[in-house]
Amino acid sequence: MRFSTGLPRLDDHLGGGIPTKTITLIYGEEKSGKTSLALRISALAARVASAAYIDCSGRLHPERLSQVLEANRAKEEKVLIAVVENFLQQEELILRLHDEPPPAPLIVFDDFTALHRIEITGDVKRDMPVYKRLAFQVAALKEAALNRDLAIIIVGQVHEIPDVGESRLVARRILEYWSNHV
């Protein structure tokens, strides 16, 4: 099964849309349209199946969701919304996806590294366990995608690295390693 992005050229690039058994990583600068794209993909999925939208930063506005669903002629009851409040809760939700029947064939994690960023201190040695947990979470998502025939979308943020003077995807190596499509 494949899920349309609503963008014909992107769908063509992906071989007909976002496929199941994969992780697709969407990232970019703040206000670049990542969440809008993820919401649109969810709405289009809701027209043919269902979608689960996991808000990892608590910034999804219900009004925005309603607008996107209405514009794409999708039913609200076909898009399950969940908000995770801390890094542990995010991990527990991922483990449920891994161990139990999934709520939908398309699952979106918006602002996936938001709670990870709150946990880190900037000291690499002290932060190593947090990075390992993040890698574990993405690995569990990859296994769930493969074993449960899921299409998983991870939306990531780009942040400036003060000492270097450049912007980069948060936890880039971890997220790109486990993603099939970037």
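Contact here means heavy atoms within 4.5 Å. The model is predicted.

Ala51, Tyr53 and Asp55 point one way from the strand. Ala52 and Ile54 point the other way. Both sets are buried.

| Pair | Partner residues | Sense | Bridges | Facing residues |
|---|---|---|---|---|
| Strand 4 and strand 5 | residues 79-83 | parallel | five bridges | alanine 52 and leucine 80 |

The chain gets from strand 4 to strand 5 by way of helix 3, residues 62-71. This β-α-β crossover is right-handed.

**Helix 3**

Which residues of helix 3 are buried? They are Leu65, Val68 and Leu69. Seen down the helix axis, the buried residues fall within an arc of 100°, so they line one face of helix 3. That buried set packs against helix 2 (34-48) and strand 5. The other side of helix 3 carries Glu63, Glu70 and Ala71, which are exposed. Arginine 73 follows the helix, and its phi is positive, near 50°.

**Aspartate 11**

Aspartate 11 sits in helix 1, residues 8-13. Is this side chain buried or exposed? Aspartate 11 is buried, yet it has no salt bridge. The nearest side chain of opposite charge is arginine 2, 8.3 Å away. A salt bridge would need a side-chain nitrogen of Lys or Arg within 4 Å of a carboxyl oxygen. Neighbours within four places in sequence aside, aspartate 11 is in contact with Phe3, Ser4, Thr5, Gly6, Gly16 and Gly17.

**Leucine 95**

Leucine 95 belongs to helix 4, residues 87-99. Its relative accessibility is 30%, so leucine 95 counts as partly exposed. The cut-offs explain the label: buried is under 20%, exposed is over 50%, and partly exposed lies in between. How far apart are leucine 95 and alanine 140 in space, C-alpha to C-alpha? They are 6.9 Å apart, although 45 residues separate them in sequence.

Technical notes:
Residues numbered from 1 in each chain as written. Predicted model: local features only at pLDDT ≥ 70, side-chain atom pairs only at ≥ 80, totals over all residues. Heavy atoms only, no water. Buried < 20%, exposed > 50% of the residue type's maximum accessible area, 1.4 Å probe, protein only. Helix = DSSP H or I, 4+ residues; strand = E, 2+ residues; numbered from the N terminus. Pairing = 2+ DSSP bridges. Right-handed = clockwise from strand over helix to strand, strands pointing away. Lys, Arg positive; Asp, Glu negative; His and termini not counted. Arc of directions from axis to C-beta.
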